[in-house]
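Please open the model in your viewer and keep the selection tool at hand. We will go stop by stop.

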Amino acid sequence: MHTPESAGTAPRKLALSPSRAIDFKQCPLKYRLRAIDRIPEPPSRAAVRGTLVHAVLEDLFGLPASDRDFDRAVTLIAPAWARLLASRAELTDLIAPEELEGFLTEARDLVSIYFRLEDPSAFDPESCEAFIEAELPEGVPLRGFVDRLDRSPAGDLHVIDYKTGRAPGPDHEMRAMFQLKFYALVLLHSLGTPPAQLRLLYLTDGQTLTYEPDADELRRFERVVAALWTAISTAAHTGDFPPSRSWMCQYCDFKALCPEFGGTPPPYPADGADRAVQLSLVVEHP
């Protein structure tokens with residue numbers, strides 16, 4: 001888990017993260033149940049494996065460049081898993097003892113694919129697990145975490161984000177592009193210029209998704225984000241978060257509480273408006 005406070009900063013005001021923005025776009029009720037009601041969701045094997053691989057890659061870049069080879073990366077998997085278990089006791093029941101070897105092998109395979117995409121000994125990142133934030137002129141506060149920031153020899157900023165799933169097909173690329181544009185918009189307002197390139201590295205199939213933004217395009221996207229903030233704020237004050245049925249429902253943990261599936265949401269919290277727009281405290285790696 002990564003929070004601004006864990007990075008040594010003071011508690012911060014509420015803000016919009018890419019994960020929560022995507023939740024609201026996908027299904028307002030899902031956003032409400034996750035961000036306002038804060039209903040716990042069971043961890044999934046895939047998500048935990050992703051968290052583990054991210055921790056290994058972060059540890060890898062903590063080593064001298066000459067030590068960043070695959071064999072050394074493999075030795076980082078078990079210690080990273082031990083730390084994860086120590087911080088999240090509920091994971092003990094997720095991976096049975098007889099499944100652990102296979103689970104760690106899956107993580108090893110994803111790390112192996114990472115080494116096909118990059119040579120981590122060939123460069124030093126500017127930062128890893130970077131917390132970024134900015135406020136739009138309309139007063140919309142934006143925050144997020146990016147896996148890595150690199151600086152090219154020419155001084156250009158590159159944003160790298162690891163994904164432990166498969167690259168999306170053309171029909172499902174919008175979510176990934178929304179995340180990249182969100183990061184680019186935050187950096188545009190915090191640095192005064194957009195990053196030169198953003199890349200998603202998909203470690204299941206070894207694919208990459210690259211985005212090279214320009215300021216005009218991001219200004220248009222800024223209007224989309226500002227409108228989204230307004231919609232969330234309005235819903236938070238009215239308590240009206242309608243469900244939106246889609247193919248993504250098959251992956252949702254809230255179907256038992258969704259009217260589309262015969263469920264009933266809990267009563268809207270009295271302090272719902274105060275909870276509504278918040279930083280995603282858990283970095284998700286689908």
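## The whole chain

In this predicted model, residues 24 or more positions apart make up 71% of the protein's contacts with a separation of 6 or more. Colour by secondary structure next. The protein has nine helices and five strands. Read from the N terminus, the order is α-α-α-α-α-α-β-β-β-α-β-β-α-α. Now colour by accessibility. Of the 286 residues of the protein, 46% count as buried.

## Stop 1: helix α1 against helix α7

Select residues 18-26, helix α1, and residues 174-191, helix α7. Their axes come within 10 Å and cross at roughly 140°. α1 and α7 are therefore oblique to each other. The crossing of these two helices, α1 and α7, is right-handed.

Show the side chains at the contact. From α1, pick Pro 18, Ala 21, Ile 22, Lys 25 and Gln 26. From α7, pick Arg 175, Phe 178, Gln 179, Phe 182 and Tyr 183. Sorted by class, the contact of α1 with α7 has six nonpolar, two polar and two charged residues. An α-helix has 3.6 residues a turn, so residues three or four places apart point the same way.

## Stop 2: helix α1 against helix α8

On the α1 side, select Ala 21, Phe 24 and Lys 25. On the α8 side, select Leu 228, Ala 231, Ile 232 and Ala 235. The contact of α1 with α8 has six nonpolar residues, no polar ones and one charged. Ala 21 and Lys 25 of α1 are on the contact list for α7 and on the list for α8.

## Stop 3: Leu 188 in helix α7

Go back to α7 and centre on Leu 188, which is found in this helix. Leu 188 is buried, at a relative accessible area of 4%. Which residues is Leu 188 in contact with, leaving aside its neighbours within four places in sequence? They are Thr 193, Pro 194, Leu 218 and Arg 219. Now draw a C-alpha to C-alpha distance from Leu 188 to Asp 214. The two residues, Leu 188 and Asp 214, are 26 apart in sequence and 9.6 Å apart in space.

## Stop 4: two cysteines

The cut-off used here is a pair of sulfur atoms within 2.5 Å. The closest cysteine sulfur to that of Cys 27 is in Cys 258, at 6.0 Å, which is too far for a bond. Starting from Cys 258, the closest is in Cys 27, again at 6.0 Å and too far. Cys 27 counts as buried, at 9% relative accessibility. Cys 258 is buried too, with a relative accessible area of 9%.

## Stop 5

Select residues 28-36, helix α2. Nine of its nine residues are buried, so α2 is largely enclosed by the rest of the structure. The buried set is Pro 28, Leu 29, Lys 30, Tyr 31, Arg 32, Leu 33, Arg 34, Ala 35 and Ile 36.

Arg 38 sits in the loop between α2 and α3 (45-60). Its phi is positive, about 55°, although Arg 38 is not a glycine. Is Arg 38 buried, exposed or partly exposed? Arg 38 is partly exposed, with a relative accessible area of 44%.

## Stop 6: Glu 129 in strand β1

Select residues 127-135, strand β1, and find Glu 129 in it. Check its backbone. Phi of Glu 129 is near 50°, another positive value in a residue other than glycine. Glu 129 counts as buried, at 13% relative accessibility.

## Last stop: Arg 116 in helix α6

Select residues 100-117, helix α6, and zoom to Arg 116. Arg 116 counts as exposed, at 67% relative accessibility. Finish with one more C-alpha distance, to Leu 203. Arg 116 and Leu 203 are 87 residues apart along the chain, and their C-alpha atoms are separated by 9.4 Å.

Conventions:
Residues are numbered from 1 along each chain as its sequence is written. This is a predicted model: local features need pLDDT of at least 70, side-chain atom pairs count only at pLDDT 80 or more; totals for chains, interfaces and linings use all residues. Side-chain values use heavy atoms; hydrogens and water are left out. Buried means under 20% relative accessible area, exposed over 50%, partly exposed in between (1.4 Å probe, protein chains only). Axes are lines fitted to C-alpha atoms, for helices over the stretch in contact, and angles run from 0 to 180 degrees between N-to-C directions. Helices (H or I, at least four residues) and strands (E, at least two) are DSSP runs, numbered from the N terminus. Angles under 35 degrees count as roughly parallel, over 145 as roughly antiparallel, 65 to 115 as roughly perpendicular and the rest as oblique. A crossing is left-handed if the near helix is turned anticlockwise from the far one by less than a right angle, and right-handed if clockwise. Contact means heavy atoms within 4.5 Å. Ala, Val, Leu, Ile, Met, Phe, Trp, Tyr, Cys and Pro count as nonpolar, Asp, Glu, Lys and Arg as charged, and the others, Gly among them, as polar.
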